[in-house]
Amino acid sequence: MPNRAPLPPPTRTPSPPPTRAEYCVIACAEAWRDAGEILAAPMGLVPSVGARLARHTFSPDLLLTDGEAMLVGLDGTPEGWLPYRQHLALVTGGRRHVMMGASQIDRYGNQNISCIGDWARPSRQLLGVRGAPVNTLNNPTSYWIPKHSRRVFVEKVDMVCGVGHDRVALHPGAARYHRLARVVSDLGVFDFATPDHSMRLAALHPGVTVEQVEAATGFPLAVPDEVPYTREPTTEELRLIREVIDPQNTRAREVPEPGNPRGRETPGPNTARVDPEGARP
């Protein structure tokens, strides 16, 4: 028989690189890193994926909620009862970290979800104040903003719902548990680690520039000399996001790939990646 050269080992198709939505998931998950046994209260699709990822990996003691009356496991099935009184005890005792949305947010972290325009005669009515003041004054709070723009990042909010650092400074006794941990948008990550607690650009998502963030922000940001990028998800984190937590790739509806505004052909476990042509303007 003729000699045959050995067949080369099968090549493994590399996993598609992380998408913008997956970087946002990682940035949200990091809000709960090593948080211990506290209640994670994510509001929004990407924060929910992030909270579940955190519990799957570096924050296994997190308590996840269905948003109403139950504690839930990683697969969404109930694992405990969360009566309203106990929920409030976690809130007012600082043992809850909520990630809320914001229709407007200013440089000091004041948030508005109530109305646009003069509150006495607004041009647009939104959700209402709801639990934002209690959240921000009684437990750690972060914000998730899927579309970073000057309409959201404003010089001054039309109505204060979530309480920012400048207002807390006027009434320090009322803010024992006040802590604004981070703001995550589709462009980057922001915190308030400045002398006057104004908003600072803490990280850029890959493919985004400082100039793009500044152009989409309605107030001057504090910008360090060197701005890091949001960390890449590990291979295992990508597998969990794509195959276990969000196999239907619903995250792409909230944060489509730049240059692909309808979210088509963004990678799930069995799809190819569309490379971004540039960041969202």
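Where is Gly218 found? Gly218 sits in the loop between helix 6 (210–215) and helix 7. The structure described here is a predicted model.

## Overall make-up

The protein has eight helices and 13 strands. Of its 281 residues, 47% count as buried. Its accessible surface comes to about 14,900 Å², and carbon and sulfur atoms account for 53% of that surface.

Contacts were also sorted by separation along the chain. Among contacts between residues at least 6 apart in sequence, 66% join residues at least 24 apart.

Gly218 counts as partly exposed, because its relative accessibility is 23% and the buried class ends under 20%. Leaving aside residues up to four places away in sequence, Gly218 touches Arg150, Phe153, Val154 and Glu155.

One of these residues, Glu155, is 63 residues from Gly218 along the chain, yet the C-alpha atoms of Gly218 and Glu155 are separated by 5.7 Å.

The buried residues are Arg20, Ala21, Glu22, Tyr23, Cys24, Val25, Ile26, Ala27, Cys28 and Ala29.

Glu257 lies in the segment after helix 8 (251–254). Glu257 is itself buried, with a relative accessible area of 2%, so it falls under the 20% limit for that class.

Helix 1 and helix 7 pack at an angle of about 110°, and their axes are 11 Å apart. The two helices are therefore roughly perpendicular to each other, since that class runs from 65 to 115 degrees. On the helix 1 side, Glu22, Val25 and Ile26 take part, and they meet Glu237, Leu238, Ile241 and Arg242 in helix 7.

Helix 2 (residues 45–56) also packs on helix 7 (residues 235–245), at an angle of about 120° and with the axes 11 Å apart. Helix 2 and helix 7 are therefore oblique to each other, and their crossing is right-handed. Helix 2 contributes Val49, Arg52, Leu53 and His56 to this contact, while helix 7 contributes Glu237, Leu240, Ile241, Val244 and Ile245.

Which residues of helix 7 are buried? They are Glu237, Leu238, Leu240, Ile241, Arg242 and Ile245. The cover over these buried residues includes helix 1, helix 2 and helix 8.

## Positive phi values

Most residues other than glycine have a negative phi. Asp34 has a positive phi of about 50° although it is not a glycine. Asp34 lies in the loop between helix 1 and strand 1 (39–42). With a relative accessibility of 58%, Asp34 counts as exposed, because the exposed class begins over 50%.

Asn249 is another residue other than glycine with a positive phi, in this case near 60°. Asn249 is found in the loop between helix 7 and helix 8. Is Asn249 buried or exposed? At 13% relative accessibility, Asn249 counts as buried, whereas Asp34 counts as exposed.

## The loop between strands 3 and 4

Thr77 is found in the loop between strand 3 (70–72) and strand 4 (78–81). Its relative accessibility is 41%, so Thr77 counts as partly exposed. Apart from residues up to four places away in sequence, Thr77 touches Leu71 and Val72, and both of these positions fall within the 70–72 range of strand 3.

Thr77 and Asp66 are eleven residues apart in sequence, and their C-alpha atoms are 9.1 Å apart in space.

Methods
Residues numbered from 1 in each chain as written. Predicted model: local features only at pLDDT ≥ 70, side-chain atom pairs only at ≥ 80, totals over all residues. Heavy atoms only, no water. Helix = DSSP H or I, 4+ residues; strand = E, 2+ residues; numbered from the N terminus. Buried < 20%, exposed > 50% of the residue type's maximum accessible area, 1.4 Å probe, protein only. Contact = heavy atoms within 4.5 Å. Areas by Shrake-Rupley, 256 points an atom, 1.4 Å probe, with all protein chains shown as cover. Axes fitted to C-alpha atoms, helices over the stretch in contact; angles between N-to-C directions. Parallel < 35°, antiparallel > 145°, perpendicular 65-115°, else oblique. Left-handed = near helix turned anticlockwise from the far one by under 90°.
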